[in-house]
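Dear colleague,

Please find the structure for your review below. A short account of the findings follows it.

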Amino acid sequence: MNWFTKLLPTKINTEGAKRTSVPEGLWTKCDACSAVLYRADLERNFDVCPKCNHHLRIDARRRLDSFLDPAPRLEIGDTLKPVDALKFKDIKKYKDRLQQAQKSTGESDALIVIKGQVKGVPLVAAAFEFKFMGGSMGSVVGERFIRAVNSCLEHNLPLICFSSSGGARMQEALFSLMQMAKTAAALTRLHKRGIPFISILTDPTMGGVSASLAMLGDVHIAEPNALIGFAGPRVIEQTVRETLPEGFQRSEFLLDHGAIDMVVDRRDLRDRTAKILTMLTRRPAA
Amino acid sequence: MNLNFLEFEQPIAELESKIEELRYVGNDNEINISEEIARLQGKSRDLTKSIFSNLKAAQIAQLARHPQRPYFLDYVQRVFTDFEELHGDRAYADDKAIVGGLARLDGRPVLLIGHQKGRDTKEKVARNFGMPRPEGYRKALRLLHMAEKFKLPVLTFIDTPGAYPGVGAEERGQSEAIARNLFEMAKLRVPIISTVIGEGGSGGALAIGVCDRLLMLEYSTYSVISPEGCASILWRSADKAAEAAEAMGLTAARLKELGLVDTIVDEPLGGAHRDIDAITESVKAALVETLDYLEVFALDKLLEARYSRLMSFGHYTES
């Protein structure tokens, strides 16, 4: 409080206090068209901008919540917690980065797995939380994915994974690289048993996650305009020293180049995946 | 500065040049200075020993990338016989950053796949500095399936800065090519031994590195990202590469401690490039021993063990 505000009558001060008590996050700005959107409207629309159809990034838990039927639901692998086995420290300690991410997201690590159903089709669904250290894949993410696969094997259920990740978690060094091999190996078991795995690629899916589990689906579905690739666009630009083509590494670009099966609007994902799964498992239409 | 030596080796380089000078003098004069030369050589050896017994991770990373370090084809020539290179992915191109082919190890037919860097500028460019594109990984995949068909053990050799980050590589599905190899190697029905001979750079290395046994040369490295890449992301400055190298623990010794590497192949004093015959012999012995060991297992046992090995990677707690 400075000398000027001290001079002001208290009446004005209370008004100021009232103004700051307006709840935060009531409004959201669309990253693409800058339209100011009412948060509740946006949530009802699966976080897709009603003005320009831009797919905003969505929290993993909310994504699964809107994707799955309300019941039954059983979370898998939530008892697994990350540890800093290497005592890794850059400008910050990994331990502190973990704590910070846990506090800001309310999640213990970057992958959430839930056994549930979509339009009555039972399945196991996993989703990466991008806000948790860029959705990076470390030991817990890898192990939760394995638990998801094991649950599918045990109950003969299809697997869906929404990926959204910058890649491997550098703070876990070679252990994180090995999660690529680990998750890919687990998928060989689903393959052997003829259990479908649908990979849903969302913005962004890069690096070690893209170069392992995300590109090993029987069916690859991408959300519109998601950034999907191995190397990041800036790294490529620095290497080849030319500007990248328009739409490079976006979903539609991948569709054109044969890397994915389809681009699907988030609001249609429930219907489309349920439809595909019933056919792959030779069940009657949902 | 002697370019045959790395910066941290310069004291050794100075001694070596002194020895050279003395030799020159010794040839000219009748004075016998062989004693002096022998003394200096002993000193040089001790100095090398003391420098190399205390290497930092960043210095080992330099050795792993040493321009004179033996590359994959150097080992192919010396460790194996009857090598026949097999080219191409049968779909798009022949990527020269990955070499594959049939050969014999001590008489036994095997399939070899390895990253290949170039020695001179022209070859470096042709080999794309050992950075494969998707067609390289797909060539490897074709050969892996061939090995399975003809029941040939697979020996892979890792030496790459990473998969190539280029426009064409992305267009042709770099991610998918790497992912597919991880998947197929996890269930390939023949023994697989991978040896890191230089740089093990990230997914580009792992894409030919899913195996039953992982060997690493003493001064090779294996990491999820290059020290420079890690430093520029986490420290926001590529100058911190030495710190990043240390933090990631990318050396053979550290990775062995962590249980990620099965065998370390000792290198001759001063590194593999100082004595190619010695390193050839060590690599060959390690490969023969490991293959003998793996070939005892029934295939199903071997695959089960490979799966358990992969599943064991990672650290977490469970409450």
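Is Asp95(B) buried or exposed? Asp95(B) is buried, because its relative accessible area is 6%; buried means under 20% relative accessible area, exposed over 50%, and partly exposed in between (1.4 Å probe, protein chains only).

This is a predicted model, in which local features need pLDDT of at least 70, side-chain atom pairs count only at pLDDT 80 or more, and totals for chains, interfaces and linings use all residues. Residues are numbered from 1 along each chain as its sequence is written, chains are lettered from A and ligands numbered from 1 in the order in which they are written, and side-chain values use heavy atoms, with hydrogens and water left out.

The predictor assigns the complex an ipTM of 0.94 and a pTM of 0.93. For chain B the average pLDDT (the predictor's confidence in each residue, from 0 to 100) is 94, and 97% of the residues score at least 70.

In chain B, Asp95(B) sits in the loop between strand E1 (81-85) and strand E2 (98-105). Helices (H or I, at least four residues) and strands (E, at least two) are DSSP runs, numbered from the N terminus. Between Asp95(B) and Met146(B) there are 51 residues in sequence and 18 Å in space, C-alpha to C-alpha.

Helix H4 (residues 72-79) of chain B is mostly covered, with six of its eight residues buried; among them are Phe72(B), Asp74(B) and Val79(B).

In chain A, Lys95(A) belongs to helix H5 (residues 94-105). Lys95(A) is exposed, since its relative accessible area is 51%.

Yours sincerely
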